[in-house]
Amino acid sequence: MTDPSAIESLLDVMRRLRDPVGGCPWDREQTFATIAPYTIEESYEVADAIQRDDMRDLKEELGDLLFQVVFHSRLAEEQGLFDFHDVAAAMSEKLIRRHPHVFGDVGDRTADEQNVAWEVTKAEERKAKNKTGILDDVPVGLPALTRAAKLTKRAARVGFDWPNVQEVIDKLDEETAELKVEIRAGDLDKAREELGDLLFVMANLARKLDVEPEDALRLTNAKFVRRFQSIEDALRAQGRTPDQSNLEEMDALWNAAKHSERENPS
């Protein structure tokens with residue numbers, strides 16, 4: 001069981017860091033806006049530790065993310081808005097409200113039934129906040145691919161969706177053709193718009209396949225890094241670097257790394 005004093009100790013550390021007299025100059029200067037980028041960065045580092053299956057690193061990264069919550073809460077407390085305990089209490093209340101089958105008198109639910117009920121509850125919460133639009137509370141600050149998937153998921157709940165995966169793929173082909181037209185025409189502004197349309201459809205396809213687009217791209221990024229490092233290693237063994245090679249040679253080394261991965265999957 002977690003020692004409650006550990007949380008109190010962390011809150012006290014935060015108070016001392018923000019102390020106007022003996023605190024840290026850097027911490028004292030921060031605001032919600034200046035800390036927000038670090039909050040996002042720490043979230044990604046948590047995801048990275050999970051992706052690498054590094055539980056020791058995950059514990060540390062979760063601590064860093066928790067500190068971000070503590071930091072924001074301290075800023076709010078100083079302004080008389082709320083404090084960390086208010087945040088925790090509100091979260092507990094929300095979880096209880098959204099899980100009546102666990103904490104209330106609603107009967108057992110399947111995972112699918114809970115998903116439906118969860119969305120109904122969130123819709124009621126949006127209405128209470130005067131956010132009546134279907135897309136009103138999809139955060140603008142999300143990564144663009146993730147937000148695109150969430151936007152299309154929301155729209156799909158009211159029937160605004162392609163009936164099947166093949167129709168999304170057909171749309172993908174259509175958007176690719178339109179992008180090619182603008183590239184050939186040399187109109188970079190329109191090409192950028194068409195590229196955005198293409199990425200949006202890709203996010204939609206990911207949703208239809210029940211794939212988180214950021215996760216899929218993160219895996220591909222890792223794969224690219226891994227294979228490029230294989231190129232560097234192969235060239236290093238010859239006393240050379242990539243800038244001393246050429247595309248044909250590096251492409252051959254890339255394909256060798258790709259073949260090796262397929263032959264020896266981890």
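I count a contact when heavy atoms lie within 4.5 Å. The model is predicted, so I kept the cut-offs in view: local features need pLDDT of at least 70, side-chain atom pairs count only at pLDDT 80 or more, and totals for chains, interfaces and linings use all residues. Residues are numbered from 1 along each chain as its sequence is written, and side-chain values use heavy atoms, with hydrogens and water left out.

**Entry 1, Arg-227.** I found Arg-227 in helix 11, residues 213–236 (helices are DSSP runs of H or I, at least four residues, numbered from the N terminus). Is Arg-227 buried or exposed? Arg-227 has a relative accessible area of 8%, so I logged it as buried (buried is under 20%, exposed over 50%, partly exposed in between, with a 1.4 Å probe and protein chains only). Setting aside neighbours within four places in sequence, I listed Trp-254, Ala-257, Lys-258 and Glu-261 as contacts of Arg-227.

I searched the whole structure and got four aromatic pairs (rings of Phe, Tyr and Trp, the last by its six-membered ring, pair if their centres lie within 6.5 Å; planes under 30 degrees apart are stacked, over 60 edge-to-face, the rest tilted). Trp-26 and Tyr-38 have ring centres 5.8 Å apart and planes at 80°, so I noted the pair as edge-to-face. Trp-26 sits in helix 2 and Tyr-38 in helix 3, 12 residues apart. Trp-26 is partly exposed at 39%, and Tyr-38 is partly exposed at 36%. Phe-224 and Trp-254 form a tilted pair, 5.4 Å between centres and 50° between planes. Phe-224 is in helix 11 and Trp-254 in helix 12, so this pair ties together parts 30 residues apart in sequence. I also noted that ring pairs join Phe-224, Phe-228 and Trp-254 into a cluster.

Terms used:
Helix = DSSP H or I, 4+ residues; strand = E, 2+ residues; numbered from the N terminus.
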